[in-house]
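Me: I have a model open and want to learn how to read its features. Can you take me through them briskly?

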Amino acid sequence: MPLVPWLIPALAGLAALAAPTLHAAETAALDTAPAKYQTLPREYRLDGVVEAINRTTVSAQTTGQVQEILFDVEDFVEKDAIVARLKDTEHRARVAQAAADSRSASARLEQTQEEYTRVIGLFEKKNVSESAMDQAKADLAAAQAELESATARLEQAQEQLEYTQIRAPYSGIVTHRHIEVGETASPGQQVMSGISLDQLRVIVDVPQSVIPSVRDGGTARIYLGSEEIIQSDRFTIFPFADMGSNTFTVRLDLPEGTKGLFPGMFVKTAFEIGAKQELTIPSEAVVQRSEVTAVYVVDAEGRVGFRQIRLGRAVDGGVVVLAGLGEGERVALDPIAAGVALKSQSSAGAEAGQDHG
């Protein structure tokens with residue numbers, strides 16, 4: 001049965017009224033949160049450089065020809081591991097000679113003690129003179145001193161022999177090798193350099209105008225990325241400024257075992273120098289599309305809009321908004337559902353416009 005011509009505009013009007021009703025039902029199910037101001041620490045950001053706390057160049061402590069080098073650049077070395085060996089033939093001979101001298105001195109002391117005991121017995125019976133007794137005492141003291149000297153020479157020879165095995169003072173990575181096999185090493189000559197990645201710190205040059213606030217604030221942060229932040233409650237401010245730049249060097253200690261950082265890397269640091277009000281939204285509301293950062297904004301009538309914003313730093317559970325939003329505006333916490341609602345809203349509006357036309 002054909003429709004009466006005057007009913008067509010009426011039905012089109014009903015469809016236009018039904019579309020917003022359906023859209024309102026969809027947007028009513030969206031979880032939203034308002035953009036609101038929070039009192040946040042005011043930060044002064046600077047670039048810092050990571051450096052290793054333990055940086056060591058191992059040197060030879062005795063003379064000897066390099067016989068073996070056991071590690072090279074980028075190798076990991078355990079603490080007390082042997083990194084190089086020197087030829088030890090001469091040192092072993094000195095140890096053997098010192099050991100023989102020590103045994104000889106020990107035998108001499110034993111003989112002298114027996115003689116001293118015998119002289120004491122005779123002296124008590126007045127069978128020897130007082131001068132003989134004094135000579136026995138002197139001989140015993142000399143024998144004891146000779147044994148002590150021989151023992152010291154033996155310890156020194158053993159220590160020099162131990163120095164032919166050059167060891168790592170801590171676990172770390174080799175950064176430089178300063179000597180080759182066959183070269184003759186002398187005391188103080190550099191053999192190998194290394195660093196430990198277990199203990200790191202960050203060096204920052206802070207302008208003198210900021211230093212008083214840094215001293216009063218007492219906290220600093222290191223940003224390893226957009227998500228990871230390390231709190232550094234222990235830092236050292238050098239007690240003098242650089243003559244050229246008028247900056248103070250500040251050293252921030254990193255927690256032991258911090259991963260993903262290597263000496264020489266640049267990192268972002270932030271010093272707390274007060275507090276200020278900043279507009280924040282939950283981080284889950286933020287949408288990244290190519291190079292565009294945006295949110296879905298839901299107005300009081302339930303209409304969804306896609307709006308580009310400019311973000312600041314991350315905060316606990318959210319992110320700072322620098323531009324694009326106002327206080328009290330509500331953002332969708334589920335961007336996927338909000339995108340579906342926006343698409344439905346656009347389609348419904350287009351259909352209503354066609355029917356009205």
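Me: Which residue takes a positive phi in the hairpin of strand 17 and strand 18?

Reply: Ser290, with phi near 60°. That hairpin has 2 residues between the strands. Some ground rules: this is a predicted model, where local features need pLDDT of at least 70, side-chain atom pairs count only at pLDDT 80 or more, and totals for chains, interfaces and linings use all residues. Residues are numbered from 1 along each chain as its sequence is written, and side-chain values use heavy atoms, with hydrogens and water left out.

Me: How many bridges join strand 17 to strand 18?

Reply: Strands of a sheet pair through backbone hydrogen bonds, either parallel or antiparallel. Strands here are DSSP runs of E, at least two residues; helices are runs of H or I, at least four; both are numbered from the N terminus. Two strands pair if DSSP finds at least two bridges between them. Strand 17 (residues 287-289) runs antiparallel to strand 18, with 3 bridges. Gln288 has Thr293 as its bridge partner.

Me: What else pairs with strand 18?

Reply: Strand 19 (residues 304-308) does, antiparallel, over 5 bridges. There Val295 stands opposite Arg307. The hairpin of strand 18 and strand 19 has 5 residues between the strands, and Gly302 takes a positive phi near 90°. Strand 22 (residues 330-332) also runs antiparallel to strand 18, joined by 2 bridges. Val298 faces Arg330 in that pairing.

Me: Why is strand 18 largely enclosed?

Reply: Buried means under 20% relative accessible area, exposed over 50%, partly exposed in between (1.4 Å probe, protein chains only). In strand 18 (residues 292-298), 6 of the 7 residues are buried, so the rest of the structure largely encloses it.

Me: Which residues are buried in helix 3?

Reply: An α-helix has 3.6 residues a turn, so residues three or four places apart point the same way. In helix 3, the buried residues include Met133, Ala136, Leu140 and Ala143. The buried residues pack against helix 2 (89-124) and strand 7 (165-167); contact means heavy atoms within 4.5 Å.

Me: Where does the charged end of Arg45 sit?

Reply: A charge sits over a ring if NZ of Lys or CZ of Arg is within 6 Å of the ring centre and within 35 degrees of the ring normal. The charged end of Arg45 sits over the ring of Tyr223, 4.1 Å from its centre. Arg289 does likewise over Phe306, at 4.7 Å.
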